[in-house]
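The following questions and answers concern a single model, shown here with its sequence.

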Amino acid sequence: MTGRLESKVAVITGAGSGIGRSMAKLFAAEGARVVCADISGRQHDVAAEIGDAAIAAQVDLAIPAQIASMIDTADKAFGRLDVLCNNAGLGGPIMPLAEQTEDNWDMIHGVNLKAVFFGMKYGIHSMLRTGGGSIVNTASAAALVGWKGHGVYAAAKAGVIQLTKCAALDYAEAGIRVNAICPGNTWTGLVKASKDHAVPPPDARTPPSVPMNRWGLPTELAAAALFLASDEASFITGVALPVDGGYVVP
Ligand SMILES: NC(=O)c1ccc[n+]([C@@H]2O[C@H](COP(=O)([O-])OP(=O)(O)OC[C@H]3O[C@@H](n4cnc5c(N)ncnc54)[C@H](O)[C@@H]3O)[C@@H](O)[C@H]2O)c1
């Protein structure tokens with residue numbers, strides 16, 4: 001099936017790598033025009049790979065004014081915003097809670113939570129001008145179960161789920177759906193071992209406690225985001241969908 005985002009305009013953060021890169025390529029293949037936003041510079045390569053349907057935006061999501069400019073980029077380049085994926089994130093240092101610092105908290109929450117708030121704030125204003133849209137936030141399985149050493153990150157991602165649910169209620173009647181995906185262990189740049197391999201090599205250590213006993217792939221996360229972003233999910237809002245090989249089931 002193709003064309004599930006025909007004539008839609010999407011902004012995707014973290015589009016330079018991993019899940020965001022897969023979202024950008026899949027959404028464009030499904031007919032969307034895409035703003036590929038990232039801080040890394042790699043979003044330019046992704047946009048070039050996609051071709052005319054994509055443009056790159058350089059943005060540091062820790063700075064709200066740059067998030068406003070990112071949304072403006074979609075409005076100016078393509079005249080509207082239909083789909084917003086607040087996907088970019090970072091893991092931060094893994095350590096017991098009492099060892100975490102205020103700087104770690106601010107860095108992790110700045111990108112993983114505060115930027116999602118500002119992305120939605122500016123994105124919703126744009127969507128309201130054209131009659132609606134769909135937002136897909138990237139939370140984490142860490143928002144649903146405890147992750148040792150990840151308390152600060154997990155708190156930010158749990159915040160993303162609550163922002164998602166509350167915004168879903170705020171804008172349900174305005175035609176804006178707001179959902180989240182909760183990735184489990186996914187083979188992306190966030191995973192140290194993935195740096196030299198596009199897919200997990202046969203001897204890659206499988207993350208523990210994953211019933212499917214394998215890594216998730218960015219394309220599998222992108223497919224879930226596409227479903228939620230598209231009109232196929234027209235009666236779905238406020239959900240936090242685990243995409244994790246069954247990890248949060250037990
Ligand atoms: N990979 C996993 O196992 C996993 C698990 C749970 C949740 N997630 C979430 O999935 C999302 C995507 O991560 P990924 O796994 O594709 O990792 P990734 O590292 O491959 O991609 C993250 C992207 O976010 C960008 N980014 C980071 N800080 C930024 C900033 N300040 N401004 C703009 N862009 C910034 C990075 O440059 C990078 O391109 C994140 O929100 C992450 O927390 C990933």
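Q: Which helix contributes the largest share of the shell around the ligand?
A: This is a predicted model, in which local features need pLDDT of at least 70 and side-chain atom pairs count only at pLDDT 80 or more, while totals for chains, interfaces and linings use all residues. Residues are numbered from 1 along each chain as its sequence is written. With helices taken as DSSP runs of H or I of at least four residues, and strands as runs of E of at least two, both numbered from the N terminus, the largest share of the shell, three residues, comes from helix α1 (residues 18–29).

Q: Is Ala54 buried or exposed?
A: Ala54 lies in strand β3 (residues 54–58). A residue counts as buried if 20 or more other C-beta atoms, placed from the backbone, lie within 10 Å of its own, as exposed if 12 or fewer do, and as partly exposed in between. Because Ala54 has 25 other C-beta atoms within 10 Å, Ala54 is buried.

Q: How is α1 oriented relative to α6, roughly parallel or oblique?
A: α1 and helix α6 (residues 218–229) pack with their axes 8 Å apart and at an angle of about 55 degrees, where axes are lines fitted to C-alpha atoms over the stretch in contact and angles run from 0 to 180 degrees between N-to-C directions. Angles under 35 degrees count as roughly parallel, over 145 as roughly antiparallel, 65 to 115 as roughly perpendicular and the rest as oblique. The angle therefore makes α1, relative to α6, oblique.
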